[in-house]
Amino acid sequence: IRRLTQTAAIIPFSSLRKTDPKHLFTFIRDEHPQTIALILSYLDPSQSAAILSALPQEQQSEIAKRVATMERTSPEVAHEVQRVLEHKMMTVVSSEQLQVGGVESLVNILNMVDRAAEKSILEDLENEDPALADEIRKRMFMFEDIVKLDDVSIQRILREVNTKDLAVALRGAAEDVKSRIFKNMSQRAGQMLREELEFMGPVRLKQVEEAQQKVVKVIRALEEAGEIIIARGGEDAIIL
């Protein structure tokens with residue numbers, strides 16, 4: 001098995017066998033017919049068929065004949081052709097301008113940072129560029145946004161949230177958030193949560209923020225799973 005693996009590793013053009021044939025065609029269509037024939041001989045037959053079909057009709061038969069009559073080729077020659085082709089492809093890719101950054105990119109990053117960093121960044125942005133901060137907030141879901149969810153959505157979320165995490169998260173929550181949470185709990189569960197809050201000892205702000213972040217992660221996970229839809233821009237969520 002080891003020998004077979006080592007042999008496969010040195011087969012020319014093996015690294016291109018998963019490349020889209022349309023992409024490959026763009027780079028080899030202007031090559032010499034013998035070079036194209038050499039490349040097609042090493043690619044997966046399905047790739048070679050797609051490339052051959054895309055070539056001008058007057059070239060197809062010539063290249064097909066060259067493939068059929070091709071005998072042994074030096075591995076060094078094949079690897080050199082591969083090296084030149086890969087360099088050509090990489091040069092074009094690196095010269096293209098990729099779409100990076102933007103509001104959506106920052107939102108994805110902020111969704112992964114801890115609660116303290118998220119708050120600090122948004123507060124700084126609010127001071128420097130209120131419009132940008134507002135746009136980011138519209139695309140994010142934060143702990144305080146629980147009040148914007150409908151009751152059925154909140155009930156679905158509460159089934160997934162750890163009770164202790166919820167209790168700690170509510171220690172630093174506004175009254176309207178607490179009210180919506182208790183409204184969507186059974187009388188017994190609500191009473192237990194109130195007792196948990198009442199007898200809870202001192203809690204550091206960092207612990208509260210971490211607990212709130214855990215709740216938000218549950219909400220985002222439910223959204224990603226398609227179980228709730230959070231409309232961005234302040235609209236209510238929709239339960240599926």
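Let's start with Arg 156. Arg 156 is buried, at a relative accessible area of 13%. Buried here means under 20% relative accessible area, exposed means over 50%, and partly exposed is in between, with a 1.4 Å probe and protein chains only. The side chain of Arg 156 forms a salt bridge with that of Glu 227, at 2.5 Å from N to O. The rule for a salt bridge is a side-chain nitrogen of Lys or Arg within 4 Å of a carboxyl oxygen of Asp or Glu. This pair links distant parts of the chain: Arg 156 sits in helix H10, Glu 227 in the loop between H14 and strand S1 (228–230), and they are 71 residues apart. Glu 227 is partly exposed, at 30%.

A word on what you are looking at. This is a predicted model, where local features need pLDDT of at least 70, side-chain atom pairs count only at pLDDT 80 or more, and totals for chains, interfaces and linings use all residues. Residues are numbered from 1 along each chain as its sequence is written, and side-chain values use heavy atoms, with hydrogens and water left out.

Now the overall counts. The protein has 14 helices and two strands. Those are DSSP runs, numbered from the N terminus: helices are H or I with at least four residues, strands are E with at least two. Of the 240 residues, 33% count as buried. Contact means heavy atoms within 4.5 Å. Take the contacts in the protein with a separation of 6 or more: residues 24 or more positions apart account for 73% of them.

Back to salt bridges. How many does the rule give? The count comes to 10. Lys 148 pairs with Asp 145, the closest N and O atoms being 3.1 Å apart. Lys 148 is partly exposed at 36%, while Asp 145 is buried at 11%. Lys 178 pairs with Glu 175, with 3.7 Å between the closest N and O atoms. Those two are three residues apart in helix H12, so about one helical turn separates them. Lys 178 is buried at 18%. Glu 175, at 58%, counts as exposed. There is also a network: salt bridges link Asp 151, Arg 180 and Lys 183.

H10 and H12 pack at an angle of about 80°, their axes 9 Å apart. That makes H10 roughly perpendicular to H12. For the geometry, axes are lines fitted to C-alpha atoms, for helices over the stretch in contact, and angles run from 0 to 180 degrees between N-to-C directions. Under 35 degrees counts as roughly parallel, over 145 as roughly antiparallel, 65 to 115 as roughly perpendicular, and the rest as oblique.

Which residues meet there? From H10, Asp 151, Ile 154 and Leu 158; from H12, Arg 180, Ile 181 and Lys 183. In this contact of H10 with H12, three residues are nonpolar, none polar and three charged. Nonpolar covers Ala, Val, Leu, Ile, Met, Phe, Trp, Tyr, Cys and Pro; charged covers Asp, Glu, Lys and Arg; the others, Gly among them, are polar.

Staying with H12: Val 177, Lys 178, Arg 180, Ile 181 and Phe 182 are buried. H10, H11 and H13 are among what covers the buried residues of H12.

Next, helix H11, residues 163–171. Its buried residues are Asp 165, Leu 166, Ala 167, Val 168, Ala 169 and Leu 170. They pack against helices H10 (151–158), H12 (175–183), H13 (187–199) and H14 (205–224).

Look at the start of H11. A side-chain oxygen of Asn 162 comes within 2.9 Å of the backbone nitrogen of Lys 164. The side chain of Asn 162 also reaches the backbone nitrogen of Asp 165, at 3.1 Å. A polar contact is a pair of N or O atoms within 3.5 Å; within protein, one must be able to donate a hydrogen and the other to accept it, and residues adjacent in sequence count only if both atoms are side-chain atoms.

Asn 162 lies in the loop between H10 and H11 and is partly exposed, at 43%. Lys 164 is exposed, at 58%.
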